[in-house]
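Welcome to this guided tour! Open your viewer, get the selection tool ready, and follow along one stop at a time.

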Amino acid sequence: MQQSQSIALLRRVARMYGIQPCYVDARGRTQSASAEAMLRVLVALGAPVARLEDLPAALRQRRQEIWQQVIEPVCVVQPGRSQHIAVRLPVQALGQPIGCGLVFEDGSQRSFPIAGQQLSVRRQATVEGRCYVSATVSLPGELPSGYHQLHLELPGGQSSAGGQAHSLLIAAPPQAYRGCLDERLWGLFIPLYALHSRRSLGAGDFADLAQLIDWLAELGGRLVATLPLLATFAAQCEDPSPYKPASRMFWNEMYLDLSRLPELARCPAAQEMLASAEFQAEAAMLRQSPLVDYQRLLGVKRRVLEALAECFFGAPGCRGDDLQAFLRRRPEAEDYARFRAAGERYGLEWRCWPAPLRDGTIPPGSYDQAAFRYHLYVQWQLDEQLRALAFRAESKNMIWYLDLPLGAAPESYDVWRHRQCFADDATGGAPPDVFFTKGQNWGFPPLLPPAMRRSGHRYFIDVLRRHLELARLLRIDHFMGVYRLYWIPRGHEATEGVYVRYPCNELCAILALESHRHRAAIVGENLGTVPEIVNAAMRRSGILGMYVLQYECQPDRHPPLRHPRADEVAALNTHDMPPFAAWWNGADIHWRLDLGLIRPSEAASQLCQRDRLRQALLRYFQSAGLISAAAADERQVLEASLAMLARSTAPVMLVNLEDLWLEPQPQNTPGTFTERPNWRRKAKYALEDFTALPSVYGTLKRISHRPSENPGAVEYNSG
C-alpha cells in the first residue's frame, strides 16, 4: 500500500473512532495531525492498530463492531413525547418479533413486543458477508424525565451480546434550568485560598467565605464565586493547582474552619495544641507570608484535625449517628479514605503500589488506620460545613457559584477507581494559539468516550451531583471538552496532539437534567478558540456562555467592543488572565516576552495595538457618558468598564475583587509552573481591611444601584 493510501485509510479509521484528523487553528489555518499521533490515540481508544499495516484489518473490525451493536449504549430523548430509537439488526430479524422492556428510574417496569413490521427501515448494508439494516423503533407512551434502561431481546440470539441489547435512555428537558436567574445578578470572584482574614491560618477558609457572603449580601450582591474547592495533593507535591485535583468528588480539608468543629469542645489535646506557643508562632508566620505555604499550612491543620479525629473515634457518642448518616449518603467516602491512607504509605503514584492495591482493592492492614480515620473524618466535616455554608447563602438569597475542573490528576482517586474511563497513555491540553504559541499540556488523563458511554456516564453524573448539591450556578471549565478534547500522546510535545470527539448531545442532556433537579444554572467556559458548533450547542441547551471584556475589544471596530448578550456571564477577566490594571497598562505583553512566548518585534507590535485599543475605548466610554474626559486614568476606566457590564443585558455580572484595588499581579499565568507563584498569591488586603476600602465599598455600591439601561443604544462617535 502506498504511503498516501495508508494516510487516507488512517484518517478514515481515525474518524470512525471519533478522532479529528485535522482542525482549524486560532489563525484560521487548517492543521493536520501527524500519522504517529493518530496511531497512538487510536491505540488509547482501543483500536487494534499499532502500525499502518494493521489498518485494513482494523477498518474491517470497526465496521463489524458498529453494525453488530444493536443499539447505542446511551440515547437521548425528550420527556413527555413519543420516542423513536435507532437500532441496527441482522436483516433476518425483520420478520420476527423483538422483545422490548423498559426499567424506569423509579424501579417500575414495562414490557412490550415489537413486531418486525413496526420497524421503520432507513438503510441497509453488507458487512463481511452479512446483511444488516438500520431502523427505528417506536416506544409506546411518553417517558418521564430521568434515567431509564431500555432492554431489547432479539430472536435466536441475533446480536453480538447473545440476543440481548441494552441502552441508557436519558429523558432530559431540552434546556438547562435558569429559574435562579429570574433577575439580573452581580457578585464577586476571589479564590478562597487568596481570601484571608486576621483570624485565618495563612489562607482563606469557610469562615472567611461566610463573612464575605454576609458582607456582600448587605451591599446588594447576589453571587459569590471562587475556584475549585476540591481535594488536592498539595501536602505531598509542589503543584497546588485546583484544576488537577486528587478527586473531583471530594473536598479540600485546607478550607475547614477549625473553630466550628464540634469535637473541639471535648478534645483537650486539640485545645492545648491551638493554645500552644508553637502553634501561635507557626500561625503568625503563615499569616505574614504574602504567598500560601500549602505544605506548611496543611501540616499545621492536620495535626489539629488528627487529634480531633482520634477524640471522635475514641468516643463517638451521639455524633456516631451523624457519621453513619453521612456514610449512607456518601458510601464511597470510606473507599476514598483508604485510598488516601494507602497513598501516604506507598507514595502518590498508585501504579507503583503492590498488587492488589494498584488494581483497586485495599485490604485491611495495608494502610495506617489513623490515616484512614483522619481522611474519613475530614471529608465528613467538609460535608457538614459545606452544607451549612450553602444553607447560609440560600437564606440570604445569595447564589454560590462553583467551578468544576475538566480533569483530575493522574495520581487521583478518580483515575485509580474509575481507570476504565480514562486514557492512561495521553494527557489533555490545547494546541498552539495566539497567546500560547507552544501549546498547553495540562497533565491529566482524558476521559475515554466509549467507556463513558458504556458506563452510562456514571462518573460524570456523580461528579456533577457533588457540585450541584451546593451550587446554584456551576461553571464547567473548558466547556469545549464536552464536544471535543485535544489529546497529547504521552511523550509528545503539546504541538503534536489530536482532537477526539465526545458525545456532546448526551453530556448536554445530563447537564440539563441535573440542573433542573438541583435548580441550578450551568455556565460553560467558552473563551478562546471555540468552534461555532460548540457555542450553538450551548445556546440550544440553555447553557450560559462567558463574556470577558479583554477578549471582546478591537480598536478598528465601531464600537470597539461587543456588549454582553442575555445568555452570557459578564466579567472583565478570569483567574487565567491579567487583572484589569495589568491589561490596561500592557504588563501582560511584557510577561509573554519574558517567558519567551513572543519575540521582541511581536511585543512592540502588540504594545502599539494595545495603545490604539486604549484610545478607542476612552473615546467610546466618553461618547457613552461613562467617563468625563478622554484622558481618564485607569481607575476611571475600570469604573466605566464595570458600569458598562452592569448596564448590559447579561443576567450575571462577576467582579474580580482584586481589580477594585487595581491589583497588578495575576493569580495564575497559564503555561508556567515554577516561573510564577501560581495559585499561591494572597489578596493584598485582609477581609477586615478591604471591606472598609472606599475603592471597594464605593464601587460595589454604585454597581448595586446601577440602572438597567443598555449603553449599546448610545450613539457612538468614533471621531
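**Stop 1: a strand and its neighbours**

Begin by selecting strand 18 and strand 19 (residues 498–501), which pair in the antiparallel sense over 4 bridges. Two strands are said to pair if DSSP finds at least two bridges between them. Helices (H or I, at least four residues) and strands (E, at least two) are DSSP runs, numbered from the N terminus. Before going on, note that this is a predicted model: local features need pLDDT of at least 70, side-chain atom pairs count only at pLDDT 80 or more, and totals for chains, interfaces and linings use all residues. Residues are numbered from 1 along each chain as its sequence is written, and side-chain values use heavy atoms, with hydrogens and water left out.

Now click on leucine 485 and look across to strand 19: valine 500 stands opposite. Which residue of strand 18 is the bridge partner of glycine 429? Select tyrosine 486 to see that partner.

**Stop 2**

Select aspartate 477, in the loop between strand 17 (473–476) and strand 18. Aspartate 477 is buried, with a relative accessible area of 15%. Show glutamate 525 too: aspartate 477 and glutamate 525 are 48 residues apart in sequence, but 5.3 Å apart in space, C-alpha to C-alpha. Leaving out residues up to four places away in sequence, aspartate 477 touches Tyr243, Asp403, Leu404, Pro405, Leu406 and Glu525. Contact here means heavy atoms within 4.5 Å.

**Stop 2: the cysteines**

How many disulfides does the structure hold? There is 1, where a disulfide is a pair of cysteine sulfur atoms within 2.5 Å. Select cysteine 267 and cysteine 311, whose sulfur atoms are 2.4 Å apart. Their link is right-handed, with 70° about the S-S bond. Cysteine 267 lies in the loop between strand 13 (223–225) and helix 5 (268–275) and cysteine 311 in helix 7 (residues 294–314), so the pair ties together parts that are 44 residues apart in sequence. Cysteine 267 is buried, at a relative accessible area of 0%.

Move on to cysteine 75, which is in no disulfide; the nearest cysteine sulfur, that of cysteine 100, is 11 Å away. Cysteine 75 counts as buried at 12% relative accessibility. Cysteine 504 is in no disulfide either, with the nearest cysteine sulfur, that of cysteine 508, 3.9 Å away.

**Stop 3: a helix and its threonine**

Finish with threonine 699, found in helix 21 (residues 694–704). Threonine 699 counts as buried at 1% relative accessibility. Its side chain reaches the backbone oxygen of serine 695 at 2.8 Å. Now colour the buried residues of helix 21: Val696, Gly698, Thr699, Leu700 and Ile703. What do they pack against? Show strand 12 (185–189), helix 4 (206–219), helix 19 (634–646), strand 23 (652–656) and helix 20 (687–690) to see their packing partners.

Note on methods. Buried < 20%, exposed > 50% of the residue type's maximum accessible area, 1.4 Å probe, protein only. Polar contact = N/O pair within 3.5 Å; in protein donor to acceptor, adjacent residues only side chain to side chain.
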